[in-house]
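Dear colleague,

Please find below the structure that I am handing over to you, followed by an account of what was found in it. I would be grateful if you read the two side by side.

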Amino acid sequence: MNTCRCANCIMPPHILRRLLNHKNAKVRQSALNTLLGTARLRGERSVRAATFAPLAPTNGRRTIFDARHSNDLTSAVVARSEDGPPSSDGAVNRAYDGFGTTNDFYKEVFKRNSIDDKGMRLNGYVHRGIDFNNAFWDGEGMVFGDGDGEMFTDFTLSLDVIAHELTHGVTEFTANLEYHHQSGALNESMSDVFGSLVKQWSLKQTADEADWLIGAEVTTPTIKMDALRSLKAPGTAFNNSIMGKDPQPAHMKQFVKLPNTEEGDNGGVHINSGITNKAFFLVATAIGGHAWEDAGQIWYESLLASNAKTQFQAFADTTVVQAERLFGAGSTQQQAVADAWNQVGLKPTKVPSSAIASAVRATDSEAFGSLAKQIAALSAEVDALTRKVQGLESPRSAKKRARAK
Amino acid sequence: MKISLATSGGQAAGVFMRKPPRVIEVEKLAAAEKAELVGRLAAAVAEAKSHAAPGGRGADSMSYTIDVEDGERSVTLKQSDAGMPQAFAKLLDWLQAHFAANK
């Protein structure tokens, strides 16, 4: 192992960057430790950009590090690299395989080359901390905890959690939805949606066959808990004396208002994501078949068309527009999208004329009847105006017609 | 001296785990343990003073609040998973190991 005490050494950064791609794993590790040791993992965006952007595309080259139960990731060691053999550590191999499956999903389904669509390296850190009940995306890589064995277990066990975290990276490089309130809830929802899709894709499941759960594999028998979240039925993933009841709403009427603090979950980003998660579930199951094909395409294109401040209503409207662009005005897919948003309390405001009536649920006869009456009344007014303008109706004829109503 | 550790947020942020902070009575520790803890604490405090702002809030990050009370003096250290500085990380290592060993 290179013992250069590089906190004070004169090794220039451009040489260290070249060494990141060295064929020798120990050389790569040493270079990475040096770079990480002189920069904060998240705050030093300029270092990350300078470090990774100019490198030749790596097509999602994977490196898994063992944090050896420390919270200081600069002391992590390489446990498995892209060209290395499987590890004896199951967590390392699961992270490695999960990264590969997620990357393959984005490549095959959306023609996306890794997280940034430029072949970004995929770095993962396993065994972070002690009793760490979490996994997160730190802007450069994904970090996994082993869980405390009581509330949660090893987070590498869940493919949808792995894909959830990597999708935060996709979101960061596309819409970059701000992580608070509605835009933050959309950010979380994107990760749940595509996290679930990666799992469904890997199992070749249809929308009806999928469990639509996030993190089902990280729960323990100690606590009554199905999963972290359910896209199919927000608010039902868990209900026990320790955690309380799953607080996710499934409709805008139950939107939870929280402050933008850590204690407030940044304005409820993990909570209100239930509303848009439910919308996607409804779209996917209404269309049927593989959810990543039609529904997934609509959502992915809508993510690309969104921006940092996109709110729920704007995103709903975008999905309607994208559905039309991809599948045509009044298509089954577009109707499913408009109907889904109606069901969760977000009526699309950008609905093409050919889809107005279809956007209303066929079983919602009251709403449909009211709409039909309004259209009929408008049509009658237009007819009357037209006749007057054209001078085809005498006052006597108009009176006769009025008595007939 | 009393040191408490509270955590919030993370993947399971919606869970609202209302666990109370975990507390260490420093004077009850063995001499070597005490020395190590105080040394790591001092480094973390110095590190906090030298940084303009705490690390960023990454997606699904957990946040950690370490409160230190020593008579009438007190200090609070706060960091999140993303961008956690080194000395704070090493202090958190010690605290997590201590709580795991004393469950």
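**Helix H9 of chain A**

In helix H9 of chain A, the buried residues are A:Asp294, A:Ala295, A:Gly296, A:Ile298, A:Trp299, A:Tyr300, A:Ser302 and A:Leu303. Please note that this is a predicted model. Because 8 of the 11 residues of H9(A) are buried, this helix is largely enclosed by the rest of the structure. The elements of chain A against which these buried residues pack are helix H4 (90–110), H5, helix H6 (181–203), H8, H10 and helix H11 (332–343).

One of these partners can be described further. Helix H8 (residues 273–287) of chain A packs with H9(A) at an angle of about 145°, and the two axes are 8 Å apart. On the H8(A) side the contact is made by A:Phe280, A:Val283, A:Ala284 and A:Ile287, and on the H9(A) side by A:Asp294, A:Ala295 and A:Trp299. By residue class, this contact of H8(A) with H9(A) has 6 nonpolar residues, no polar ones and 1 charged.

The loop between helix H9 (294–304) and helix H10 (312–327) of chain A contains A:Lys309. Is A:Lys309 buried, exposed or partly exposed? A:Lys309 has 13 C-beta neighbours inside 10 Å and therefore counts as partly exposed. Leaving aside residues up to four places away in sequence, A:Lys309 touches A:Glu178 and A:Ser183. From A:Lys309 to A:Ile223 the separation is 86 residues in sequence and 37 Å in space, C-alpha to C-alpha.

**The open sheet of chain A**

Chain A also holds an open sheet of 5 strands in the order E2-E1-E3-E5-E4, with mixed pairing. Its edge strands are strand E2 (77–81) and E4 of chain A, each of which pairs on one side only. Direction ignored, neighbouring strands of this sheet are turned by 20° against each other on average.

With strand E3 (residues 122–126) of chain A, by contrast, E1(A) runs parallel, and 5 bridges join the two. Here A:Arg62 stands opposite A:Leu122 in E3(A).

E1(A) is mostly covered, with 5 of its 5 residues buried. In a regular strand, side chains alternate between the two faces of the sheet. In E1(A), A:Arg62, A:Ile64 and A:Asp66 point one way, whereas A:Thr63 and A:Phe65 point the other way; all are buried.

At another part of the sheet, H5(A) lies across E4 and strand E5 (141–144) of chain A. The helix H5(A) runs at about 20° to E4(A).

**Where chain A meets chain B**

How many residues of each chain are in contact with the other? The contact involves 35 residues of chain A and 32 residues of chain B. On the side of chain A that touches chain B, at least two residues each come from strand E4 (135–137), helix H5 (159–173) and helix H7 (265–268). E4(A) gives the largest share of that side, with 3 residues. The residues on this side of chain A comprise 11 nonpolar, 15 polar and 9 charged.

**The two chains overall**

The secondary structure of chain A comes to 14 helices and 9 strands. Chain A has 405 residues, of which 50% count as buried. Among the contacts in chain A with a separation of 6 or more, 59% are between residues 24 or more positions apart.

Chain B has 2 helices and 4 strands, which follow the pattern β-β-α-β-β-α along the sequence. Of its 103 residues, 36% are buried. For chain B, 64% of the contacts between residues at least 6 apart in sequence join residues at least 24 apart.

Yours sincerely

Definitions and conventions: Residues are numbered from 1 along each chain as its sequence is written. Chains are lettered from A and ligands numbered from 1 in the order in which they are written. This is a predicted model: local features need pLDDT of at least 70, side-chain atom pairs count only at pLDDT 80 or more; totals for chains, interfaces and linings use all residues. A residue is buried if 20 or more other C-beta atoms lie within 10 Å of its own, exposed if 12 or fewer, and partly exposed in between; C-beta atoms are placed from the backbone. Two residues are in contact if their C-beta atoms, placed from the backbone, lie within 7 Å. Ala, Val, Leu, Ile, Met, Phe, Trp, Tyr, Cys and Pro count as nonpolar, Asp, Glu, Lys and Arg as charged, and the others, Gly among them, as polar. Two strands pair if DSSP finds at least two bridges between them. Axes are lines fitted to C-alpha atoms, for helices over the stretch in contact, and angles run from 0 to 180 degrees between N-to-C directions.
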